[in-house]
Amino acid sequence: MTRAARKDDDMAGELIPFPGAATPATADEPGPVAPVPAAGPVQPAEPVLDGELISEAEYRRSKARRLAESAMSKLPAKWQSPETAKQAGAALAGRAALAPVRYPAAVGRGLVVSARAWWAWVRVADFYDAARSSDSLASRWQEIAVVRRRRGVITLVATCATGLGGLVVDLTAGSVPLAVAGGAVSVALAVAGRRKDGSPGRQAVLGGARSLAMLLDGDNLVQAFRDAGVIGKADRLYLVERLRRDDTGFSLVVDLPAGRRASDVIAKRETLASALAVDEVRLILERVRGDKGHAGRLAVWIGHADPYAADPVPSPLATAASWDLWKPVPFGTTARGAAVNLPVVWTSLLIGAIPRQGKTFVMRLPITAAALDPHVRLIIADGKGGKDFRPFEQVAHRFIRGSRESEARRLIAVLEECAADVADRFDRLSEMDDTLCPESKVTPEITRDPAHRMPLTVIGIDEIQNYLGLDMPLNEDEPKGKRVGQRIYELLTFIAKTGPAAGYSLVLATQRPDAKVIPDGLRGQLGTRFALRVMNWQASETIMGAGTYKAGVDASKLLSSHKGVGLLLGADGETELSAGDAVVVRTHLLHIAAIRAACERGRALREQAGTLTGDAAGQNDLAALDPTVAARLADEVTATAGPEPVDAELVELPAALAALADVLVDDEHGVVAVAELASRVGWSAKALGEALTRAGVPSPTPARQRVNGSKNAVSVADLDAIRVAIDGR
Ligand SMILES: Nc1ncnc2c1ncn2[C@@H]1O[C@H](COP(=O)(O)OP(=O)(O)OP(=O)(O)O)[C@@H](O)[C@H]1O
């Protein structure tokens, strides 16, 4: 006989939608097929059950197994997994072997403890100490002495009665009851004398390894939340969706007690992981937002194993015949296997990581998708200069390999060409009719029609720090003028800020993601951030944005063995990626051979569409910029990037001295109160005093003197010394 049964109640059910996780691919996923009626109006299908046909014996076996698992889950966590149970068993056996020595010692300690307690009772120690500390011992002494005498008599009577009773029992019933009573007393003494955890001399407990409960239940979870301090000791959790277990892990949705915030729990993920006894990579916490959630609702997933240690998933781009870059690019999967796609249009991407974590591999994913779209213009600058990007030479409109001076100067020329194009596109977009261009932004139709000359343009630069750090003068005639790196920074900032609406996207990668290497002005314009493992939380914040560490986003916590795994955050609100919660993504793997093949396909597509241009088509010469465009651009680009970063100290120094130079009168000499000088220039006395010290103006001795008949000594400055400093500059 056979029986149809649900495969596993706990496993069945729909996936919990977690807003915050990036775009799950659902459209292409195969699902159960409902029977189609032969003809007539469309009928609603019966609910489809996911199940399998099993025999009676199999059913009984699975039921027995579930009962056994449920019983096991009630045991302390250390008895639930074979490894920890083995350790706990060994520790128990060790303790049993030492019992003959330890038991008498515990009884001895118990005797001492009991004797001390008895002596304190007879002495009425608590009352005596209280009277002494309140200086009322003399007046209470009589009272205390009476109680002491009474307790002494009680002790004597009780001892005699016990001895007599023992003798009677021994004579009437033999020694067995006495032995039993003695045994019970010794157990009580041993309990009183046992060594407690934390008392001096107590050692770490062998076999006490904590581990995740085999079958998590509500009780384990509430305890873990309490132990982690994310809810109060008397608080409860409310299960919104019951705990489910599948092949990958446990999942559930909980409501925190009123007033507790889910984001606070997410920020304490590591502490909660410790309370649950799992590595934090196995614990995923996400807020449930929108209509189905609220600020105290949390989706929890605890993996059976490290979800990022599995074999990497090959990128679908390896086999894609072509790609439409207006569609988000397949990027990777979450820990739970949901697909994550990376939008490229309307945004720019910053990738940061320490070396050898997969930065170049990750960067090549959106660029390969761009190569597969014949209507995309690709500009590549490989600051490392290896072979990683060479396959793109076949399709790239501009391709620069290396970061020596000549290559950096060519990059500047290419970026100037792009900046001029961005400005020109906006001029032309503003002229287009509303049907074709409804929002002063490019549309798929505009970018795909060669007549409009506005293809989507992706500028990919690897090891961007190698270009931005170049310190040679831009103009050789002005050795102290603008630097090459500064010019590249200005142009990139301009393109990142104004380019997305005109169809330009930047994909920048660096292995030194600090504020000095990528100034805030540029970083702030890169709306999508992906951080693979970095050195510390500061580097993580540099990529992901200020405040992300406090919110629990820290790429330094990723393991170095997790190549290609990183945190993805949409920071500009332009894409479907959540700006609030970073999602951990295991990126797809795409090897160089597959990229080369994809680029060959991309080249063929471009040849067919007539869109193979620039370097790839052998047209290496850059068109000289029209002088009017160049002049207009010079102003716009510099204004967008803001003033050159300058050392604050250098600005303040001349400002203090320059202000003083205007107010000092020629025949003034000697010392003057700093406060008086400060009031002349409208500064605070403190700020001026500090500025003078930084300017190297020596203070008079003593530094505080009475001047102009002042009652107290005040801070003074030497006018002659200030004049010397001004003249020196
Ligand atoms: N998605 C992935 N899954 C698994 N392994 C990956 C993935 N991406 C990259 N790797 C592995 O990580 C290694 C380092 O990759 P990659 O060269 O991209 O690092 P990088 O950060 O660019 O290093 P460098 O800064 O030295 O250029 C590669 O050898 C590759 O095998």
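Start by selecting Ile379: its bridge partner in E11 is Arg398. (Strands are DSSP runs of E, at least two residues; helices are runs of H or I, at least four; both are numbered from the N terminus.) Before going on, note that this is a predicted model: local features need pLDDT of at least 70, side-chain atom pairs count only at pLDDT 80 or more, and totals for chains, interfaces and linings use all residues. Residue numbers start from 1 along each chain as its sequence is written.

Now widen the selection to E10, residues 376–382, which runs parallel to E11 and is joined to it by 4 bridges. Two strands count as paired if DSSP finds at least two bridges between them. Both belong to an open sheet of 10 strands with mixed pairing, ordered E8-E7-E16-E15-E14-E9-E13-E12-E10-E11. Its edge strands are E8 (339–342) and E11 (398–401), each pairing on one side only.

Next, show helix H10 (405–431), which packs on the sheet and touches E10, E11, E12 (456–462) and E13 (504–510). Contact here means C-beta atoms, placed from the backbone, within 7 Å.

Over to the ligand: 15 residues surround it, and the closest are Gly358, Lys359, Thr360, Phe361 and Gly564. To be in that shell, a residue needs its C-beta atom, placed from the backbone, within 6 Å. Helix H9 (359–371) gives the most, with 3 residues.

Last stop: an open, antiparallel sheet of 3 strands, ordered E17-E19-E18. E17 (671–673) and E18 (704–705) each have a single partner strand, so one side of each is left without a neighbour in the sheet. Finish on Ala673, whose bridge partner in E19 is Val716.

Key: Contact = placed C-beta atoms within 7 Å. Axes fitted to C-alpha atoms, helices over the stretch in contact; angles between N-to-C directions.
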